[in-house]
Amino acid sequence: MTALAPPLRQSLRRAACTVAAVLALLALHAGWSGGFGRFGSPVAPVPAPSLALRDDLGRPFDPATLHDRATLVYFGYVRCPDVCPTVLGALEPVFARLGPDAARTGILFVTLDPAHDTPTVLHAFLSQFQPAPTGLTGPPADVAAVARAWGIGWTGTDGHINHNSVLTLIGPDGRMRARYGMTQLNDPDAMAADIRAVLPR
């Protein structure tokens, strides 16, 4: 077998390194997005942070209720004048397009105003939406810790709160799969497709 000339060997070695680097980047991207990201902004598929709070019926929230279901998690507050109601209202057409898969999908609304948003107040507010989200609240320190763990930023108190509006999709395995900003809520078909993509068939 004829030995390759040194320049040719170097060229082949560089080409092999380039291919390996491209494959590594592709693998990294697949791992970072969980092989997912059809419409929502992909996130690292890490386990979702804890939600050790109380629901809108005053019961300790049971994370087992998230198993085998897709879950949309949103942080807001009852006296929010526009953004929070807009986000929750935008989910109704998404669920309408899910058909039978709507029964395997839930919504959690975590308050950023726990001093005002008691379980009773949360329940009355969320009952206005279809489907009605489950509200989560708790002592201010606990709510603040949960919000920080989820990467939610907010300022203000007493019903005047500025916060980043981010809706997070959690898969049935409890891992974060995608996030949606306000402009991504205008396509219910695409959001429904994302939810179906994380549900087991």
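Which backbone oxygen does the side chain of T137 reach? The close-up views below begin with that residue, and every one of them shows a predicted model.

**View 1**
The side chain of T137 reaches the backbone oxygen of D117, at 3.1 Å. T137 itself belongs to strand β5, which covers residues 134-137. Is T137 buried or exposed? T137 counts as buried because its relative accessibility is 4%, and buried means under 20%. Looking beyond the neighbours within four places in sequence, you can find T137 in contact with L53, R54, T111, P114, D117, T118, P119, L122 and V143.

**View 2. Three positions from a UniProt record.**
An unreviewed UniProt entry lists C80, C84 and H163 under "binding site". These positions are spread over 84 residues of sequence, yet they cluster in space, with a largest C-alpha distance of 10.0 Å.

**View 3. C84 in helix α2.**
Here we look at C84, which lies in helix α2 (residues 83-98). With a relative accessibility of 0%, C84 counts as buried. Which residues does C84 touch, not counting those up to four places away in sequence? They are Y74, G76, Y77, F109 and H163.

**View 4. H163 in strand β7.**
Strand β7, made of residues 162-163, is the place of H163. At 17% relative accessibility, H163 counts as buried, so this residue falls under the 20% limit. A polar atom of the H163 side chain lies 3.5 Å from the backbone oxygen of F75. Apart from neighbours within four places in sequence, H163 is in contact with Y74, F75, G76, Y77, C80, C84, L112, G153 and W154. Two of these partners, C80 and C84, are also listed with H163 in the UniProt entry.

**View 5. The largest pocket.**
Now for an open space: the largest pocket has a volume of about 340 Å³. Its lining has 22 residues, and F61, T65, I107, L108 and T134 lie nearest the centre. Which element supplies the largest share of this lining? That is β4, with 4 residues. Both β4 (105-111) and α3 (119-126) give at least two residues to the lining. Sorted by type, the lining residues are 10 nonpolar, 7 polar and 5 charged.

**View 6. The second largest pocket.**
The volume of the second largest pocket is about 160 Å³. Residues lining this pocket are A48, P49, S50, L51, A52, F61, P63, L66, H67, I170 and G174. They divide into 8 nonpolar and 3 polar residues, with no charged ones.

Key:
Residues are numbered from 1 along each chain as its sequence is written. This is a predicted model: local features need pLDDT of at least 70, side-chain atom pairs count only at pLDDT 80 or more; totals for chains, interfaces and linings use all residues. Side-chain values use heavy atoms; hydrogens and water are left out. On a 1 Å grid over the protein atoms alone, a cavity is a set of points where a 1.4 Å probe fits but cannot get out, and a pocket is an open set with protein on both sides within 12 Å along at least five of seven lines; lining residues have an atom within 4 Å of a point. Grid points are joined across faces, edges and corners, and a volume is the space filled by probe spheres set on the points. Ala, Val, Leu, Ile, Met, Phe, Trp, Tyr, Cys and Pro count as nonpolar, Asp, Glu, Lys and Arg as charged, and the others, Gly among them, as polar. Buried means under 20% relative accessible area, exposed over 50%, partly exposed in between (1.4 Å probe, protein chains only). A polar contact is a pair of N or O atoms within 3.5 Å; within protein, one must be able to donate a hydrogen and the other to accept it, and residues adjacent in sequence count only if both atoms are side-chain atoms. Contact means heavy atoms within 4.5 Å. UniProt positions are given in the numbering used here, feature names are shortened, and annotations may be inferred rather than shown by experiment.
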